[in-house]
Protein chains: 2
Amino acid sequence: MGQIIKGRQSLIFEHAPGIISAASVVGNKETEGPLGKLFDMCGQDDLFGARTWEEAESTMQKEACVLALGKAHIRAEEVRYLFGGDLLRQGIATSMGVEALRIPMFGLYGACSTSGEALALAAMSVAAGYGDYMLAVTSSHFGSAEKEFRFPLGYASQRPLSAHWTVTGSGAFVVGRQRDDADPAGGEEGDTGTSLPFRHVRIAGITVGRIVDYGLKDSQNMGACMAPAAMDTIVTNFEDMARSESDYDRIITGDLGYVGGSILLDLVKNKGYSLQGRYLDCGMTIFDRETQDTHAGGSGCGCAAVTLASFILPKLEKGEWKRVLFVPTGALMSTVSYNEGASVPGIAHGIVLEHVE
Amino acid sequence: MGQIIKGRQSLIFEHAPGIISAASVVGNKETEGPLGKLFDMCGQDDLFGARTWEEAESTMQKEACVLALGKAHIRAEEVRYLFGGDLLRQGIATSMGVEALRIPMFGLYGACSTSGEALALAAMSVAAGYGDYMLAVTSSHFGSAEKEFRFPLGYASQRPLSAHWTVTGSGAFVVGRQRDDADPAGGEEGDTGTSLPFRHVRIAGITVGRIVDYGLKDSQNMGACMAPAAMDTIVTNFEDMARSESDYDRIITGDLGYVGGSILLDLVKNKGYSLQGRYLDCGMTIFDRETQDTHAGGSGCGCAAVTLASFILPKLEKGEWKRVLFVPTGALMSTVSYNEGASVPGIAHGIVLEHVE
């Protein structure tokens with residue numbers, strides 16, 4: 001059927017779908033961060049012309065989708081299915097954001113792991129021949145997320161050092177079969193920014209995550225809650241695909257941050273692997289630790305998505321990295337579950353990204 | 001590749017996956033309704049031994065999954081991926097409900113259309129050869145939904161006549177390739193209840209819905225908000241598959257209820273089709289209009305799911321109906337979007353269910 005089932009949770013695609021284009025739309029703080037110059041569109045006031053944080057987040061999603069389609073020179077009508085999600089209750093940022101595109105859609109929720117979930121399902125659909133192009137999109141917004149999960153910004157509540165700073169941003173990805181006439185020699189060495197469609201990036205396989213719960217209950221320390229799920233997915237990926245850390249140039253989690261990241265390194269070490277020297281976390285990459293005061297680092301559905309679109313994929317496109325395990329991580333909680341004393345389980349999906357000539 | 005792309009939004013599976021088993025778990029009011037005797041498990045007090053409505057909903061999901069697996073004689077470890085969702089913010093009923101099963105999972109959100117979304121993705125995954133068995137599960141709970149979307153039950157708020165009554169229930173479905181040794185002659189005519197696995201039900205195709213927004217803003221009249229989406233999906237299904245209403249024994253929406261259902265019949269008539277005599281709505285089927293005082297009818301992620309599991313699938317299994325278009329409908333809103341004055345767009349996914357000998 002054109003794909004290979006590996007182990008308990010993984011698939012390897014015999015005809016690996018490509019990520020044809022990617023787009024990132026971010027807010028002000030993200031623009032001021034280390035990746036600032038790499039994003040496609042930066043908002044001045046985080047409102048993007050809208051009246052509310054929620055509308056602003058929807059606007060970001062729509063803009064990211066339109067940009068990604070534009071780069072790939074694909075019309076919305078050519079996209080067979082859209083896979084999208086966000087952090088808000090009832091995924092409202094996505095519903096309102098992608099509505100105007102009129103693409104048949106699957107709404108997703110995987111907390112901050114949703115970009116991995118969307119890419120996995122988009123790749124599965126392309127690899128199965130269900131359509132030429134799929135769109136994957138996720139977003140988060142600092143203002144709407146603080147309102148949703150913690151306190152309205154006007155309260156000026158103090159945040160503990162283990163807390164994350166929700167990224168204001170949306171990343172969109174066109175997943176599809178690369179045209180056979182794509183330049184096979186990669187002859188654009190000098191021009192591999194994100195303004196052009198990608199020709200050399202493939203989703204080679206996936207490892208679908210399961211829910212992992214170590215019983216932690218602190219919603220202000222989501223890194224610790226998500227680290228066990230990240231470990232589970234990474235180690236499962238190694239076992240399912242008979243690989244080890246040395247088969248990857250980078251292993252990149254979504255938003256474990258400084259607290260969760262160090263826990264992950266320990267957990268993985270206990271399993272006999274070492275990520276040292278190969279490990280990155282989008283939440284640690286997107287903000288400057290010294291000057292931007294985000295405490296544990298960035299987080300949110302948009303964090304991994306915009307870092308992938310602006311920073312990771314161009315390196316894969318250029319061949320600087322040949323194979324990356326991209327592992328967006330999510331903390332599965334709501335204010336209701338938190339207030340009722342439930343624990344905060346985690347989930348993480350693994351996406352194997354490869355450079356092909 | 002084993003499937004046929006039809007039109008803009010539809011797929012027909014060349015090797016159609018089967019629904020191997022289904023299970024339904026419901027609350028007290030559902031037990032007292034017209035389908036009461038058909039459900040697998042009925043709770044006495046809608047709490048299912050839990051302390052909160054949310055925990056109760058999670059318990060229902062877990063029980064429904066375990067029951068569906070048991071009927072199919074399949075262990076949780078044999079299920080490759082789980083597709084699940086509910087109505088609560090951040091899909092918490094599903095996360096907490098399916099956690100113990102340890103099945104790699106995709107969290108979904110499509111409001112009350114989620115059972116269609118889950119069945120579509122499960123069928124797509126089986127048809128693509130991504131695994132032998134997938135699990136699809138959704139739920140809703142009257143208590144948790146009123147708290148989430150309207151008022152806590154203790155307020156005893158009065159509801160308008162256009163409002164729905166959220167079904168307390170969860171339906172789970174094992175989707176997979178039917179074993180080749182399945183009795184081809186259907187030799188169990190006298191014993192086709194839901195206690196046995198199904199042998200004659202296939203998911204022949206799907207029509208993935210797009211978001212349809214007629215600008216309605218009344219969250220207490222969700223039937224009217226969802227009817228345009230149901231029309232769009234039904235008419236698209238006819239066009240994509242070159243069919244008309246007469247190709248289906250029944251066309252069954254999820255929870256349009258009495259208000260939305262009559263709007264749907266008008267909208268479809270304007271497109272040149274007539275559903276008269278073939279139309280059912282799970283929200284009108286699950287409660288008795290005269291005696292149960294549910295106003296517009298039942299609704300919720302669980303409404304379509306438990307009606308499918310207990311009432312629709314057994315009729316398909318027996319061959320009483322040969323082909324059914326099952327169209328769960330969702331109203332995409334949150335209390336935040338509603339309070340901010342946003343409209344309530346709808347979405348509906350079409351699942352073509354067939355009896356095969």
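Which handedness does the crossing of α2(B) past α5(B) have? α2(B) passes α5(B) in a left-handed crossing.

## Basis of the model

The model is predicted: local features need pLDDT of at least 70, side-chain atom pairs count only at pLDDT 80 or more, and totals for chains, interfaces and linings use all residues. Residues are numbered from 1 along each chain as its sequence is written, chains are lettered from A and ligands numbered from 1 in the order in which they are written, and side-chain values use heavy atoms, with hydrogens and water left out.

In chain B, the axes of α2(B) and helix α5 (residues 142-149) come within 8 Å and cross at roughly 130°. Axes here are lines fitted to C-alpha atoms, for helices over the stretch in contact, and angles run from 0 to 180 degrees between N-to-C directions. Helices (H or I, at least four residues) and strands (E, at least two) are DSSP runs, numbered from the N terminus. α2(B) and α5(B) are therefore oblique to each other; angles under 35 degrees count as roughly parallel, over 145 as roughly antiparallel, 65 to 115 as roughly perpendicular and the rest as oblique. A crossing is called left-handed if the near helix is turned anticlockwise from the far one by less than a right angle, and right-handed if clockwise. On the α2(B) side W53(B), E54(B) and E57(B) meet G143(B), S144(B) and K147(B) of α5(B), where contact means heavy atoms within 4.5 Å.

In chain A, helix α2 (residues 53-72) and helix α5 (residues 142-149) have axes that come within 8 Å and cross at roughly 130°. That angle makes α2(A) oblique to α5(A). Their crossing is left-handed, and W53(A), E54(A) and E57(A) of α2(A) make the contact with G143(A), S144(A) and K147(A) of α5(A).

## Aromatic pairs

Over all chains, a search of the whole structure finds 16 aromatic pairs. Rings of Phe, Tyr and Trp (its six-membered ring) pair if their centres lie within 6.5 Å; planes under 30 degrees apart count as stacked, over 60 as edge-to-face and the rest as tilted. Y81(B) and F106(B) have ring centres 5.7 Å apart and planes at 75°, so this pair is edge-to-face. The pair links distant parts of the chain, with Y81(B) in strand β5 (residues 81-85) of chain B and F106(B) in strand β6 (residues 105-108) of chain B, 25 residues apart. Y81(B) is buried at 0% relative accessibility, and F106(B) is likewise buried at 0%. Buried means under 20% relative accessible area, exposed over 50%, partly exposed in between (1.4 Å probe, protein chains only).

The ring centres of F238(B) and Y248(B) are 6.2 Å apart and the planes lie at 25°, so the pair is stacked. It also links distant parts of the chain: F238(B) is in helix α6 (residues 222-240) of chain B, and Y248(B) is in the loop between α6 and β11 (250-253) of chain B, ten residues apart. Both F238(B) and Y248(B) are buried. In chain A, Y81(A), F83(A) and F106(A) form one aromatic cluster.

## Charges over rings

R323(B) lies over the face of Y248(B), at 5.9 Å from the ring centre. R289(B) lies over the face of Y258(B), at 3.6 Å from the ring centre. A charge sits over a ring if NZ of Lys or CZ of Arg is within 6 Å of the ring centre and within 35 degrees of the ring normal.

## Buried glutamines

Q61(B) is found in helix α2 (residues 53-72) of chain B and is buried, with a relative accessible area of 0%. Leaving aside residues up to four places away in sequence, Q61(B) touches G85(B), D86(B), A93(B), T94(B), V98(B), V137(B), T138(B), S139(B) and S170(B).

Q9(B) is placed in the loop between β1 (3-6) and β2 (10-13) of chain B and counts as buried at 1% relative accessibility. Among the residues that Q9(B) touches are R80(A), Y81(A) and P104(A), as well as I206(B), D232(B) and D240(B).

## Loop residues

H73(B) has a positive phi of about 55° although it is not a glycine. H73(B) lies in the loop between α2 and β5 of chain B and is exposed at 67% relative accessibility. A111(B), not a glycine either, has a positive phi of about 50°. A111(B) is in the loop between β6 and α4 (114-127) of chain B and is buried at 1% relative accessibility.
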